[in-house]
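This briefing goes through the structure shown here, topic by topic. Keep the sequence and the 3D view open while reading.

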Amino acid sequence: MKERKNFFRSFIPKHIDNSFLLGIYQMLTWIPVSKKIRENHYKSNVEQLHNTDWDFWTVPSAYIENQNDWGKIMYGTGAHHNMRYSGCEIIATFNALKAFTGAGSPESMAKLISEYEARGSALKGEFGVSPRAIEAYFKRNHYQVITTDNDDEKSLYMVDRQSHVLIATVYNDANDITEQIHTVCITKEPGKGYVLHNAYRRDQAGKYVASAPYGTLLDAIKHISRRDAQLIYLIGIARE
């Protein structure tokens with residue numbers, strides 16, 4: 001019985017091609033969140049976000065690391081409909097934009113949530129945002145984008161060398177689909193390595209923080225989860 005359960009849990013990450021999974025993910029975006037709900041969420045989210053004192057609103061070098069604190073920020077109309085449960089792709093997008101500009105505000109985040117609710121929310125947000133919708137977002141906003149759904153050395157190198165910032169979507173556990181999927185922004189720290197943002201790391205005081213730099217991109221991807229992370233899609237982003 002245990003072996004059968006383990007087989008079914010590992011079947012999708014082990015036997016379903018990444019490109020097929022990405023296509024299914026994109027199909028789940030065909031029905032957007034309604035305009036009325038998007039407008040209500042925008043108003044509520046701006047108000048809620050202005051009541052926070054998070055440093056990434058004002059400190060150019062600070063990124064969103066604390067998704068677990070976003071339970072009151074609305075996203076989508078799924079069973080959970082909040083950023084804590086399914087907002088990792090939106091947070092990764094915000095962090096990537098911040099890496100280029102150093103800027104971010106409650107209004108810009110609320111607008112980003114609303115835009116993904118209209119274009120990209122998978123199963124009306126319950127499954128987050130389609131990775132290909134992230135790719136499309138950056139292309140619409142005049143960034144250069146290169147992608148891969150393979151984690152071999154050549155593919156990662158091609159994406160890495162042509163990008164300034166990366167967004168990676170992974171299975172949290174390559175052997176267990178019930179551990180779900182996570183998406184993070186990866187920034188490059190000159191002379192040190194690759195830094196994960198919003199990967200649920202905490203410092204000794206319990207505050208959510210960025211990861212320490214990893215020496216290689218593959219090593220960083222493997223450590224997005226504390227289990228056995230497996231790449232689904234990597235998006236490299238650069239200025240046009």
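A polar contact here is a pair of N or O atoms within 3.5 Å, and within protein one of the two must be able to donate a hydrogen and the other to accept it. The model is predicted. An open sheet of five strands has the order 1-7-2-3-4 and antiparallel pairing. The largest nonpolar core counts 37 residues.

**Ser-211 and its surroundings**

- A polar atom of the Ser-211 side chain lies 2.9 Å from the backbone nitrogen of Leu-196, a distance that falls within the 3.5 Å limit for a polar contact.
- Ser-211 belongs to the loop that runs between strand 6 (208-209) and helix 9 (217-222).
- Its relative accessibility is 9%, so Ser-211 counts as buried, the cut-off being under 20%.
- Beyond its neighbours within four places in sequence, Ser-211 is in contact with Tyr-194, Val-195, Leu-196 and Arg-201.

- In the five-stranded open sheet, ordered 1-7-2-3-4, the edges are taken by strand 1 (143-148) and strand 4 (193-197). Each of these has a single partner strand, so one side of each has no neighbour in the sheet.
- On average, neighbouring strands of this sheet are turned by 25° against each other, direction ignored.
- Strands of a sheet pair through backbone hydrogen bonds, in either a parallel or an antiparallel sense.
- Seven bridges link strand 2 (residues 165-171) with strand 7 (residues 230-239) in the antiparallel sense. Val-170 has Leu-231 of strand 7 as its bridge partner.
- Strand 3 and strand 4 run antiparallel and are joined by five bridges. The bridge partner of Lys-188 in strand 4 is Tyr-194.
- Strand 4 is mostly covered, with five of its five residues buried.

**Helices against the strands**

- Helix 7 (residues 131-140) lies across strand 1, strand 2, strand 3 (181-189) and strand 7, and runs at about 5° to strand 7.
- Helix 8 (residues 153-161) also packs on the sheet, where it touches strand 1, strand 2, strand 3, strand 4 and strand 7. The direction of helix 8 makes about 170° with that of strand 1.
- Which residues of helix 2 (residues 18-27) are buried? They are Asn-18, Leu-21, Leu-22 and Tyr-25. Seen down the axis of helix 2, these buried residues fall within an arc of 100°, so they line one face of the helix.
- An α-helix has 3.6 residues a turn, so residues three or four places apart point the same way.
- The cover over the buried residues of helix 2 includes helix 5 (88-101), helix 7, strand 2, strand 3 and strand 7.

**Nonpolar cores**

- In the core of 37 residues, those with the most contacts inside it are Trp-70, Met-83, Ile-90, Met-109 and Phe-138.
- At least two residues of this core come from each of helix 2, helix 5, helix 6 (106-118), helix 7, strand 2 and strand 7. Helix 5 gives the most, with seven residues.
- Leaving aside sequence neighbours within four places, Phe-138 is in contact with Thr-93, Ala-96, Leu-97, Tyr-143, Val-145, Ile-167 and Ile-237.
- Another core, of 18 residues, lies apart from the largest one, and among its members are Leu-156, Val-159, Leu-196 and Ala-220.

**Trp-70**

- Trp-70 sits in the loop between helix 3 (35-50) and helix 4 (83-86).
- Its relative accessible area is 0%, so Trp-70 is buried.
- The side chains of Trp-70 and Asn-66 make a polar contact at 3.1 Å.
- Ser-44 is 26 residues away from Trp-70 along the chain, and their C-alpha atoms are separated by 13 Å.

**Positive phi outside glycine**

- His-142, in the loop between helix 7 and strand 1, is not a glycine but has a positive phi of about 70°. His-142 is exposed, at a relative accessible area of 56%.
- Gln-180 is likewise not a glycine and has a positive phi of about 70°. Gln-180 lies in the loop between strand 2 and strand 3 and counts as partly exposed at 43% relative accessibility.

Note on methods
Residues are numbered from 1 along each chain as its sequence is written. This is a predicted model: local features need pLDDT of at least 70, side-chain atom pairs count only at pLDDT 80 or more; totals for chains, interfaces and linings use all residues. Side-chain values use heavy atoms; hydrogens and water are left out. Helices (H or I, at least four residues) and strands (E, at least two) are DSSP runs, numbered from the N terminus. Buried means under 20% relative accessible area, exposed over 50%, partly exposed in between (1.4 Å probe, protein chains only). Contact means heavy atoms within 4.5 Å. Two strands pair if DSSP finds at least two bridges between them. Axes are lines fitted to C-alpha atoms, for helices over the stretch in contact, and angles run from 0 to 180 degrees between N-to-C directions. The arc is that of the directions from the helix axis to the C-beta atoms. A nonpolar core is a set of buried Ala, Val, Leu, Ile, Met, Phe, Trp, Tyr and Cys residues joined through side-chain atoms within 4.5 Å.
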